[in-house]
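Student: I've got the coordinates loaded and I'd like to check the labels against the numbers. Can we go through them one by one?

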Amino acid sequence: MDVLYFAWLRERIGAPKERVETAAATVRELVAELVALDDNHAAALSDLSAVRVAVDQELADLDHSLDGVREVAFFPPMTGG
């Protein structure tokens with residue numbers, strides 16, 4: 001599946017997108033796999049309260065199933081003004 005990173009997450013990880021092979025059943029399990037990859041992923045995903053997730057371009061929570069999912073995106077919360 002494709003994993004996309006936006007804003008400061010992209011900067012900390014050092015890439016806007018990566019293709020991952022995963023055995024994760026949920027977004028939470030995917031995050032655990034990503035954090036284990038290296039220090040950049042660990043730093044970017046260390047505070048999940050500061051991260052939002054979209055699964056196939058729909059907002060989702062960490063317990064969302066990854067069954068059949070093609071894309072997961074991580075991004076900071078957005079504010080209006």
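Student: Which residues is Leu34 in contact with, leaving aside its neighbours within four places in sequence?
Tutor: Those are Val3, Tyr5, Glu18, Val20, His41, Leu45 and Phe74. Keep in mind that this is a predicted model. Each of these pairs counts as a contact because heavy atoms come within 4.5 Å.

Student: What makes Leu34 a core residue?
Tutor: The largest nonpolar core has 20 residues, and Leu34 is among those with the most contacts inside it, along with Val3, Leu30, Leu66, Val72 and Phe74. S1, H1, H2, S3 and S5 each supply at least two residues of this core. H2 gives the largest share, four residues.

Student: Where does H2 lie?
Tutor: Helix H2, residues 27–35, lies across S1, S2, S3 and S5, and runs at about 70° to S5.

Student: What is the strand order in the sheet?
Tutor: It's an open sheet of five strands, S2-S1-S5-S3-S4, with mixed pairing.

Student: Why are S2 and S4 called edge strands?
Tutor: S2 (17–19) and S4 (58–60) each have a single partner strand, so one side of each is left without a neighbour in the sheet.

Student: How do you know that S1 and S5 pair?
Tutor: Two strands pair if there are at least two bridges between them. S1 and S5 are joined by four bridges and run parallel, so they pass that test. In one of the pairs, Tyr5 has Phe74 as its bridge partner in S5.

Student: Why is Asp2 called buried?
Tutor: Asp2, which lies in strand S1, has a relative accessibility of 18%.

Student: What makes Lys17 and Asp2 a salt bridge?
Tutor: Their closest N and O atoms are 3.9 Å apart. The limit is 4 Å, so the pair gets in. Lys17 is in S2 and Asp2 in S1, so the pair ties together parts that are 15 residues apart in sequence.

Student: Why is Lys17 partly exposed while Arg19 is exposed?
Tutor: Exposed means over 50%. Lys17 has 48%, so it is partly exposed, and Arg19 has 58%, so it is exposed.

Student: What joins Asp2, Lys17 and Arg19 into one network?
Tutor: Salt bridges that share partners. Asp2 meets Arg19 in a salt bridge at 3.3 Å, N to O, and Lys17 also forms one with Asp2.

Notes. Residues numbered from 1 in each chain as written. Predicted model: local features only at pLDDT ≥ 70, side-chain atom pairs only at ≥ 80, totals over all residues. Heavy atoms only, no water. Axes fitted to C-alpha atoms, helices over the stretch in contact; angles between N-to-C directions. Core = buried A, V, L, I, M, F, W, Y, C linked by side-chain atoms within 4.5 Å. Buried < 20%, exposed > 50% of the residue type's maximum accessible area, 1.4 Å probe, protein only. Salt bridge = Lys/Arg side-chain N within 4 Å of Asp/Glu carboxyl O.
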